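Please walk through this structure with the sequence alongside.

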Amino acid sequence: MTDPLRLDATGPSRTARRPRMANDVDHREGLELTSRAVLRDGIPWLPVSGEMHYSRVPRERWTDRLRLMRAGGITVVSTYVLWLHHEPMRGEASFAGNLDVAAFIDAARDEGLEVVLRIGPWAHGEARNGGFPDWVQQADVRHRTDDPAYLALVEEWFQQLGAALGGRATPDRLLGIQLDNELYDQPDHLLTLKRLAREAGMSAPLWTATAWGGAQLPDEEVLPLWGGYGDGFWVDPGEPWDPTFRAHYFFSDEWDDPGIGVDVRGAQASHRSTLSEWFPAATCELAGGMATAYHRRPRPEALDVAAIAHAKLGSGSAWQGYYMYTGGTNPHPGLEETQASGYPNDMTRMSYDFHAPIGEAGRAAPSHAALRLQHAFAAAFGDRVAPAAAHFPLMRPDGVEDASMLRWAVRGGFAFIGWHQPHVPLAAYAGAYFRVVTDTGAIVFPSTPVDIPPGTLARWPLALDITGTEIAWATASALTVLPGDVPTLVLLEDAGIPVEIAHDGIVRRVPSGAPALRVGGIDVLVLAAADAARAWVVEADVRRLLVSDDELTWDAAGNVSVRTSDVRPDVREFVRGAWRALEWRHVHGAPVRASVGVRELRQPSSPSGEYGSRDGRQAAPSDAVFEAHAGVYAFEVPAGVDRDAALTVRWAGDVAQLRVDGRTATDRFWDGSDLVVNLHDAGVRSGSTIELHVLPLRQDTGVHLPVEAADRLAAATEALCAVDAAELSQRALWSERRD
């Protein structure tokens, strides 16, 4: 037998300190904060936050999006308040329609979600001027400092925002307020912003600030929040996979990321190697996907996104926060970051899809499934994991290029294994065998060495006690615990790894898909790896485990709805040791899946010459170039589609604009992915014309593309421009019959 991989998980835990924040100041009954965790009613809580920008999502869709977020395991919704969206002209601030931030807070709270407002005043978010209106950007002030002239503008805006919130920005309604964003060397200014927010009637238990880039933060006054992206548009097009991206696929006690936003901040940032003594490790910008710039077009896959979140959870994160979790659309053209507005990147004019777990069109992406497994784990075991320190093996990888040493850690009674990264594939790790020393003795597992396939993200229980029954160890990932007279521990098979469960000195090997088995005083159910993407855990008054290919959501009371493309829903629930089919009531809609006819209205032509650049990054083509050379394709969508109908277009080219009745509804820079648009949200009504305008992509463009897209471009004999296929999909809505 091979020598085991060794880890020492003994020793005292980090002493919990009690800051004034949330405890003595801006207190909410039942909520506490320590240097180890957030607590609710005295129980450690592991919040999971997801970013959704209310001003980039139609108001009528807010509740749908929020419910799909909750179905993904999100417990906190965070949102930028983009000044630019609200007050493009001084003195004409609007909080109506999609801009009604007070109504958004109400919608989120009605769905049982906590809210964090990121009030800026500077935000970034790939918005023009970082979210400053032009009149603020052009003002003769020292922006983002305590310059009295700048503070006068901020005070005026905060007062308007506070009034619009109508008393909702209080500790009982808001969980947190973030001050500015990516501010590195102005700790006193953060305190000033905090004072101005308070004077405008805004407060919350938690006041936060982004900490990456070595940010200087006022000690004990703001909760430092960290981030982690596995790829990004903010590096130059010809650069390889940056070490700052690669680092997030390792378990580590390093939390700073010097790479995020480096192109905007320049050389002012440094590196921060230690956590605050007052606060736990918490994140707000783990990659939920990635925005697409013209010069560099990353396209993270679901496993890329999940692997980073998994690594942070195993490394000690007490708060999992994603940017973005829900994509959207800019309210109108001209609100995006551009080189013309002084920023390094040209971003898409309308789309803010972000390749997020919930896309611009409101459909769940594969990353929604990949992440919700982790979030179900956090809901079930967060009280153990959140306050626990991470322990790392005696032999650790030698730098970010090490692809041979297994990546793993132990935290809160679970062995975390992460064996995935993009761009540089990992080979199977042969003969993994572990020895973990705990305060109560050594745990050696599995019974014989196992190979760890690439793509493995495992959370294996170690000395896990469930109502008095201890699972010594298991080689399947913990998912949740179902209540009952006999509780059920639900494990998930990790593909390619034999499932073993050790209890009371006996090791049992469990075949994939086996019925639940009795272990001591509990049942243990092992879901097959093939069911991973189909598993949904309902967190309501009673926790439930459902399995379905369809998209499930539920309201605050736990009433389940399903959207299906089939004639009837197929949803099974595990109840009292057996699977049962649920009964459904049809609400509205009929399933449709059909090819859509495409008619070429104008042939594309290859543009010539340079489009321009800034600091070595290509600029997007001008409107004149686009209009002169784009091919135009009309879609023949049948009449009578409903609000759920989505058009999916497989296309290739450089830039695409989807136009409805001549108006650009959304757009894309091509990265090989499909364009998906909700027809109702795009403005399609009876008799509307729907066209896709596609500019050809030249071979000499020099923009950075994902491998598959780059290969297709290289194989083209001329500038690439194609609409390969279009499909209409519409789902019926059903609600659970519980009578």
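In this predicted model, Val 499, Ile 501 and His 503 point one way from strand β24, while Glu 500 and Ala 502 point the other way. In a regular strand, side chains alternate between the two faces of the sheet. Both sets of β24 side chains belong to buried residues, and the count for the strand, residues 499-503, is 5 buried out of 5.

Which strands pair with β24? On one side of the account is β21 (residues 469-474), which runs antiparallel to β24 and is joined to it by 2 bridges. Within this pairing, Ile 501 of β24 stands opposite Ala 474. The other partner described here is β25 (residues 506-510), also antiparallel to β24, with 5 bridges between them. Val 499 has Val 510 of β25 as its bridge partner. The two strands β24 and β25 make a hairpin with 2 residues between them. In that turn, Asp 504 has a positive phi of about 55°.

The next element is helix α6, which covers residues 187-199. From its first C-alpha to its last, this 13-residue helix reaches 19 Å, close to the 18 Å expected at 1.5 Å a residue. After α6 comes Gly 201, with a positive phi near 90°.

Which residues of α6 are buried? They are His 189, Leu 190, Thr 192, Leu 193, Lys 194, Leu 196 and Ala 197. The elements that cover them include strands β7 (114-120), β8 (176-179) and β9 (206-210), together with helix α5 (148-165).

Two packed helices are described by the angle between their axes and the distance between the axes. For α5 and α6, the angle is about 35° and the axes are 9 Å apart. Their crossing is right-handed. By class, the contact has 7 nonpolar, 3 polar and 2 charged residues. From α5, Tyr 150, Leu 151, Val 154, Glu 155, Phe 158 and Gln 159 take part. They meet His 189, Thr 192, Leu 193, Leu 196, Ala 197 and Glu 199 of α6.

The last stop is Ala 415, located in strand β17 (residues 414-419). Is Ala 415 buried or exposed? Its relative accessible area is 1%, so Ala 415 is buried, the cut-off being under 20%. Leaving aside residues up to four places away in sequence, Ala 415 touches Ala 409, Val 410, Phe 445, Ala 458, Arg 459, Trp 460 and Leu 462. The C-alpha atoms of Ala 415 and Pro 461 are 6.5 Å apart, although these residues are separated by 46 residues along the chain.

Notes:
Residues are numbered from 1 along each chain as its sequence is written. This is a predicted model: local features need pLDDT of at least 70, side-chain atom pairs count only at pLDDT 80 or more; totals for chains, interfaces and linings use all residues. Side-chain values use heavy atoms; hydrogens and water are left out. Helices (H or I, at least four residues) and strands (E, at least two) are DSSP runs, numbered from the N terminus. Buried means under 20% relative accessible area, exposed over 50%, partly exposed in between (1.4 Å probe, protein chains only). Contact means heavy atoms within 4.5 Å. Two strands pair if DSSP finds at least two bridges between them. The expected span of a helix is 1.5 Å times one less than its number of residues. Axes are lines fitted to C-alpha atoms, for helices over the stretch in contact, and angles run from 0 to 180 degrees between N-to-C directions. A crossing is left-handed if the near helix is turned anticlockwise from the far one by less than a right angle, and right-handed if clockwise. Ala, Val, Leu, Ile, Met, Phe, Trp, Tyr, Cys and Pro count as nonpolar, Asp, Glu, Lys and Arg as charged, and the others, Gly among them, as polar.
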